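Grab your viewer and work through these exercises on helix packing. Each one has a task, then a solution you can check step by step.

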Amino acid sequence: MKRKSLIYSLLLAIIVSIVSGSGSIHAAARNITDIVKVTKPTEIKVGEWKSYEIAITDWTDADVTDHDFTPTSSDENIIKVVRKTQWVSELHAMNKGTATFTVNIGEKFEPYVFTVQVVDDYTVIPEPTKPVVVKEATQAEIMLQDLSDYTDQLQLIVNYEKKAITTINQYKVVNDSTRKTIFLALNNTVVPNYTKFVSGLKNIKPNNNNAELKEIHNYYLAGAKLQLEGFTIARDSLKTTKINFTKFNAGDKKAAEGIKLLDKAETLLDKYTKKYFE
């Protein structure tokens with residue numbers, strides 16, 4: 001009665017892409033300036049304040065909008081940081097001196113460090129504004145991001161699939177002595193949980209511009225629907241003390257048809273992985 005789950009193959013594809021180095025949108029030790037343009041002062045007069053701001057220039061980092069770019073001052077007796085938003089802060093000059101600022105947004109990026117001097121009168125020529133270069137995402141980065149976003153949606157319903165498949169795979173033989181146990185497992189755990197999984201799967205939307213991922217999803221959904229039909233038919237065949245083996249075998253056959261479609265989805269996923277991440 002062994003049945004199939006595909007979520008683990010999807011997660012494996014994500015892991016493989018990162019290990020192989022293709023998943024650069026998740027790579028470690030990038031510079032903050034790779035994804036943002038920084039506007040900062042180099043000098044402030046005592047008693048004044050100037051703005052520290054960032055503008056996002058590269059949106060390929062999945063959670064860039066969640067980063068907090070507030071700098072930390074090395075000495076707030078010289079310059080105090082007043083946070084306005086996660087992207088904008090005010091640097092208030094308190095006393096003469098030099099303060100060093102550090103912006104740390106997690107292990108994927110090297111800390112961004114800069115210094116600002118507090119003076120009586122401005123002496124430093126402002127830094128010339130550098131043109132902003134917007135980096136275009138590579139095809140591999142786009143396809144990995146699409147797969148990652150798709151898997152994130154699956155994570156919301158994966159426990160339903162896991163519970164159903166783990167439960168049904170515990171049973172190998174259906175006979176008079178196991179009928180009631182398997183019926184209760186199908187009726188109380190497998191069918192309810194897999195029904196919730198299929199319902200959630202119908203609402204998942206892969207990137208509409210990614211035809212390959214949409215095809216994988218369509219096979220995944222079609223296979224899951226057939227497995228659910230098989231579970232339901234098998235359950236109904238075990239309702240009475242006399243097993244309806246004709247009906248049970250029909251359910252088993254229906255689920256097997258579903259596995260074929262899930263195998264097809266897995267094959268397409270393997271092709272997707274090799275194409276973009278190897």
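**Exercise 1.** In which hand, left or right, does α5 pass α6?

*Solution.* Keep in mind that this is a predicted model.
- Start by finding the two elements: α5 covers residues 211-237 and α6 covers residues 245-277.
- Next, look at how they cross: α5 goes past α6 in a left-handed crossing.

**Exercise 2.** Work out how α5 and α6 are oriented, and what kinds of residues make up their contact.

*Solution.* 
- The packing angle is about 160°, and the axes lie 7 Å apart.
- Angles over 145 degrees count as roughly antiparallel, so α5 is roughly antiparallel to α6.
- Sorted by class, the α5 contact with α6 holds 20 nonpolar residues, six polar ones and nine charged ones.

**Exercise 3.** Do the analysis again for α4 and α5: find the angle, the orientation, the handedness and the residues that meet.

*Solution.* 
- Helix α4 spans residues 179-203, and it packs on α5 at about 155° with the axes 10 Å apart.
- The cut-off of 145 degrees applies here too, so α4 and α5 come out roughly antiparallel to each other.
- The crossing of α4 past α5 is left-handed.
- On the α4 side, the residues that meet α5 include Phe183, Leu186, Val190, Tyr194, Phe197 and Leu201.
- On the α5 side, the partners include Tyr220, Leu221, Ala224, Leu228 and Phe231.
- By class, the residues of the α4 contact with α5 split into 14 nonpolar, five polar and three charged.

**Exercise 4.** Zoom in on valine 190: is this residue buried or exposed, and what does it touch?

*Solution.* 
- The relative accessibility of valine 190 is 0%, and buried means under 20%, so valine 190 counts as buried.
- Skip the neighbours within four places in sequence, and valine 190 is in contact with Ala164, Thr167, Ile168, Ala185 and Phe231.
- Phe231 belongs to the α5 side of the contact between α4 and α5.
- Now for a distance check: valine 190 and threonine 166 are 24 residues apart in sequence, with 8.8 Å from C-alpha to C-alpha.

**Exercise 5.** Step back: how many helices and strands does the protein chain have, and what share of its residues is buried?

*Solution.* 
- The count is six helices and 10 strands.
- Of the chain's 278 residues, 44% count as buried.
- For contacts between residues at least 6 apart in sequence, 69% link residues at least 24 apart.
- The accessible surface of the chain is about 14,900 Å², and carbon and sulfur atoms account for 52% of that.

Technical notes. Residues numbered from 1 in each chain as written. Predicted model: local features only at pLDDT ≥ 70, side-chain atom pairs only at ≥ 80, totals over all residues. Heavy atoms only, no water. Axes fitted to C-alpha atoms, helices over the stretch in contact; angles between N-to-C directions. Helix = DSSP H or I, 4+ residues; strand = E, 2+ residues; numbered from the N terminus. Parallel < 35°, antiparallel > 145°, perpendicular 65-115°, else oblique. Left-handed = near helix turned anticlockwise from the far one by under 90°. Nonpolar A, V, L, I, M, F, W, Y, C, P; charged D, E, K, R; others polar. Contact = heavy atoms within 4.5 Å. Buried < 20%, exposed > 50% of the residue type's maximum accessible area, 1.4 Å probe, protein only. Areas by Shrake-Rupley, 256 points an atom, 1.4 Å probe, with all protein chains shown as cover.
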